[in-house]
Amino acid sequence: MSHPSPRRVLPGAVGCAALVLIAVTLEVLGGSAANSPVPAWAEDLLPISWPQAARVLWWLVVAAAALGYRLSMHRLGIRQRPLVVALSVAPFVAFAAGIGLSADWATWH
């Protein structure tokens, strides 16, 4: 099986990984500032202050990015066990579901 050139796949993999890391960082930052004064500009930036539907969609996009990263690794010839792929994507889907169901555990504060 021929694998595509790393030059074609690597930017997507890096972009997907960056999106996941940025999303987790923003959620942690938002949670740490949830009970303290936050500048008005930060409320638009931090997903924790977004409407519920937007947050659910955001975390589903993050889950898709996590899956995209794993698929990119596979395309680069780095095989992934299906269980590893599922365990790396499922937490983001579960978090989106928790937000959608208004679960207490789906917030950082």
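## A tour of the aromatic rings

Select Phe-92 to begin. Leaving aside neighbours within four places in sequence, Phe-92 is in contact with Val-20, Val-24, Trp-59, Val-62, Ala-63 and Ala-66. Keep in mind that this is a predicted model.

Where does Phe-92 sit? Phe-92 is found in helix 4. Is Phe-92 buried or exposed? Its relative accessible area is 14%, so Phe-92 is buried, because buried means under 20%.

Next, look for ring pairs. How many aromatic pairs does a search of the whole structure find? The search finds 3. Start with Trp-50 and Trp-58. This pair is edge-to-face, with 75 degrees between the planes and 5.5 Å centre to centre. Colour the two by accessibility. Trp-50 is partly exposed, at 26% relative accessibility. Trp-58 is buried, with a relative accessible area of 17%.

Which parts of the chain does the pair link? Trp-59 belongs to helix 3 (residues 52–75), and Phe-92 to helix 4 (residues 82–100). The pair links distant parts of the chain, 33 residues apart. Trp-59 is buried, with a relative accessible area of 3%.

Trp-59, Phe-92 and Phe-95 form one aromatic cluster.

Conventions: Residues are numbered from 1 along each chain as its sequence is written. This is a predicted model: local features need pLDDT of at least 70, side-chain atom pairs count only at pLDDT 80 or more; totals for chains, interfaces and linings use all residues. Side-chain values use heavy atoms; hydrogens and water are left out. Rings of Phe, Tyr and Trp (its six-membered ring) pair if their centres lie within 6.5 Å; planes under 30 degrees apart count as stacked, over 60 as edge-to-face and the rest as tilted. Buried means under 20% relative accessible area, exposed over 50%, partly exposed in between (1.4 Å probe, protein chains only). Helices (H or I, at least four residues) and strands (E, at least two) are DSSP runs, numbered from the N terminus. Contact means heavy atoms within 4.5 Å.
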